[in-house]
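This report describes a protein chain for readers who are new to structural work. Please look over the sequence and the model before reading on.

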Amino acid sequence: MLGLLLFSCLSAQDRSFIVHTVAFYNTENLFDTINNPKTNDEEFLPAGEYFWNSGKYQDKLDNIAEVLADIGSDTNPDLPSIIGLAEVENRQVLEDLVQNPKLAKIDYGIIHFDSPDRRGIDVALLYDKKKFRPESYKSLPLVFTVDEKGKIVENASDTITDTKYRKYFTRSQLLVTGLLEGEEFSFIVSHWPSRGGGEKKTRPYREAAAKLNRKIVDSLYDLDPYAKIVTMGDFNDGPYNNSVRKELGAKDRKEQVKPLELYNPMGELARNGMGSVAYRDNWDIFDQIVLSEPIIHDDFNTLEFWKAGVYNKTYITQTSGKYKGYPLRTWDGEVGYSDHFPVYIYLIKEIGK
């Protein structure tokens, strides 16, 4: 089935549009029950902190699949054409996820690489094989050198041997280019370093991630100044932070975006009080989908951005207690969904143009 929109207005005939939903979801620790001696996955083992077992694992898969199957359904009857994911342990959990009955009716393809993250969590892309055909994909590592205080050492040699320095390995960024509705699109999926240890101390790590993300964007623009690029992920910063606004260069007001620049529709959502994560009763949008300038022209002759949203329905929300209103996460032995709400955008194209 092909998603269609029908718009009616008083001054013109009905207009119909093809619609594709693009979603991003930090699944919060989508781990299997098998020990990987190369990563810190002990929390999610039968003897670990969460007493993780096959029943809980299946419940988690059911919950994540339920969310992914419903994102964007208020407008688009089809399941998302493109899904970016963060905090998945390995390819097998992705295989298990797409085979879940709630998603199995869509033949989702998987693009995933193992990254050097200490906890073994990766990013991935799922795509509807009937709608998107990948032509190239690669994983771009984010590795930098830090001193004994955790400060990034600029221009450090790859062969540095001083014991006061160490390599910092974090999640790689995934680049996938292919054809969506016959149009070339590039999707970047990333999960920038967390704020663990303090926002100020870890800020340079996210700025380094943003610089890598921007480098990927610029390489695509160098190949084609009209490149359609969607970069999405858990940035662990908001639309207003230096990493997103300056280093990535994502502007959150469409009228300010010039050719070869980026537009961040999550900025308007943030100004309207929406959020994807909550901490100490403060909301922010760490989960973002950012678009290249050619996608925001509004003539809809080709696939272009229509609108964005945060998927925050009641069933994935804590409804009582201290954390009422927060995302319903796995906690105290109960399997929830995630500590993040997913975000999504619609890409639409007018039929007949």
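## The largest pocket

How many residues of the lining of the largest pocket are nonpolar, how many polar and how many charged? In this predicted model, the lining divides into 17 charged, 15 polar and 15 nonpolar residues.

The space in the largest pocket amounts to about 1400 Å³. Its lining consists of 47 residues, and those closest to the centre are Ser194, Tyr279, Arg329, Asp339 and His340. Two or more lining residues come from each of strand 2, strand 7 (166–180), helix 3 (199–223) and strand 12 (277–279). Strand 7 contributes the most, with five residues.

In soluble globular proteins, nonpolar side chains tend to be buried together. Here the largest nonpolar core contains 72 residues, and Leu97 and Phe187 have the most contacts inside it. Strand 2 (residues 12–30) supplies the largest share of this core, namely seven residues.

What does Leu97 touch, not counting residues up to four places away in sequence? Its partners are Leu30, Leu61, Ile64, Ala65, Leu68, Leu85, Leu103 and Leu126.

## Surroundings of Glu247

Glu247 belongs to helix 4, which spans residues 242–247. Although Glu247 and Glu207 are 40 residues apart in sequence, their C-alpha atoms are 6.4 Å apart in space. Apart from neighbours within four places in sequence, Glu247 is in contact with Glu207, Ala210, Lys211, Arg214 and Asn242.

Conventions: Residues are numbered from 1 along each chain as its sequence is written. This is a predicted model: local features need pLDDT of at least 70, side-chain atom pairs count only at pLDDT 80 or more; totals for chains, interfaces and linings use all residues. Side-chain values use heavy atoms; hydrogens and water are left out. A nonpolar core is a set of buried Ala, Val, Leu, Ile, Met, Phe, Trp, Tyr and Cys residues joined through side-chain atoms within 4.5 Å. Buried means under 20% relative accessible area, exposed over 50%, partly exposed in between (1.4 Å probe, protein chains only). Helices (H or I, at least four residues) and strands (E, at least two) are DSSP runs, numbered from the N terminus. Contact means heavy atoms within 4.5 Å. On a 1 Å grid over the protein atoms alone, a cavity is a set of points where a 1.4 Å probe fits but cannot get out, and a pocket is an open set with protein on both sides within 12 Å along at least five of seven lines; lining residues have an atom within 4 Å of a point. Grid points are joined across faces, edges and corners, and a volume is the space filled by probe spheres set on the points. Ala, Val, Leu, Ile, Met, Phe, Trp, Tyr, Cys and Pro count as nonpolar, Asp, Glu, Lys and Arg as charged, and the others, Gly among them, as polar.
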